Amino acid sequence: VNLRFDGIFNPNDAFRAKLVGFRNEVDDYIDMEDVTDADPVPICFGPNVCIEYYPQQYQNIANATIEGIEFEAMYDARSWFIGIGAHRIRGENDDTGQPLETIPADQITLTVGMRAFNEKLVAGARTRFVAAQDRVSTASLATSGYTVVDLFGEYQLNDNATINVNIDNLFDKEYRQYLDLENSPGFSARVGLTMRLGVQ
């Protein structure tokens, strides 16, 4: 389902939304499986925080079902904008009843921003709310939920040059994304300059 509306509160604003629901029954789905006949490998996330982790490999799952719902929406008033995106996906090995390992955690992303100086400046914040992922066949793969805030900005210096600023993980949150073996980076900042050479 796609929705599109223009000129809601003023002549220049716009609203867009998309809702997708799906159910896929898949033959020979490629998923990660533990190699349980191998020796476990210790993985440490800090001092005295270690788990035993079995090696994994991609294998074919004869019969699998994947179903879920995805939603995204954006309201753009030109001087400011707000958007939301979310997904909830489930996957199961139909022969064993075990969850598929490659299904992402539930997530909601909220973005707010503004434009200024004749829209040469675009700046905003993005917050990701990620749920715990405990629908796993191996306990060592489970991850806790987390919330991460990022900032972004872009300023068009002229027709040929743009400066970008990104601040990721603003509050230096310690977290591990699902299927990663190590924690994700903490606070980080990047500044970039994009230039176009020549005349088109």
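Colleague: How many aromatic pairs does the structure hold?
Modeller: This is a predicted model, and the structure holds four aromatic pairs. One of them is formed by Phe 9 and Tyr 75. Their centres are 6.1 Å apart and the angle between the planes is 75°, an edge-to-face pair.

Colleague: Where do Phe 9 and Tyr 75 lie?
Modeller: Phe 9 is in the loop between strand 1 (2-6) and strand 2, and Tyr 75 is in strand 5. The pair therefore ties together parts that are 66 residues apart in sequence.

Colleague: Is Phe 9 buried or exposed? And Tyr 75, buried or exposed?
Modeller: Phe 9 counts as exposed, because its relative accessibility is 69% and the cut-off is over 50%. Tyr 75 has 13%, which is under 20%, so Tyr 75 counts as buried.

Colleague: What about the rings of Tyr 75 and Trp 80?
Modeller: Those centres are 5.3 Å apart with the planes at 55°, so the pair is tilted. Trp 80 is partly exposed, at 41% relative accessible area. Through ring pairs, Phe 9, Tyr 75 and Trp 80 are linked into a cluster.

Colleague: Change of topic. Which residues make up the largest nonpolar core?
Modeller: There are seven: Tyr 29, Ile 61, Ala 64, Ile 66, Ile 89, Leu 100 and Ile 103. Strand 5 (residues 56-76) gives the largest share of this core, three residues. Another core, of five residues, lies apart from it, and Val 130, Tyr 146, Val 148 and Tyr 175 are among its members.

Colleague: What does Tyr 29 touch?
Modeller: Leaving out residues up to four places away in sequence, Tyr 29 touches Gln 59, Asn 60, Ile 61, Ala 64, Ile 66, Leu 100 and Thr 102.

Colleague: And Val 26, where is that found?
Modeller: Val 26 is in strand 2 (residues 14-34). Beyond its neighbours within four places in sequence, Val 26 is in contact with Ala 62, Asn 63 and Ala 64. Its relative accessibility is 25%, so Val 26 counts as partly exposed. The C-alpha atoms of Val 26 and Asn 93 are separated by 9.8 Å, and these residues are 67 apart along the chain.

Colleague: Now the whole protein. How many helices and strands are there?
Modeller: Zero helices and 11 strands.

Colleague: What share of the residues is buried?
Modeller: Of the 200 residues, 30% are buried. The protein exposes about 12800 Å², and carbon and sulfur atoms supply 54% of that.

Definitions and conventions. Residues numbered from 1 in each chain as written. Predicted model: local features only at pLDDT ≥ 70, side-chain atom pairs only at ≥ 80, totals over all residues. Heavy atoms only, no water. Helix = DSSP H or I, 4+ residues; strand = E, 2+ residues; numbered from the N terminus. Buried < 20%, exposed > 50% of the residue type's maximum accessible area, 1.4 Å probe, protein only. Contact = heavy atoms within 4.5 Å. Core = buried A, V, L, I, M, F, W, Y, C linked by side-chain atoms within 4.5 Å. Areas by Shrake-Rupley, 256 points an atom, 1.4 Å probe, with all protein chains shown as cover. Phe/Tyr/Trp six-rings, centres within 6.5 Å; stacked < 30°, edge-to-face > 60°.
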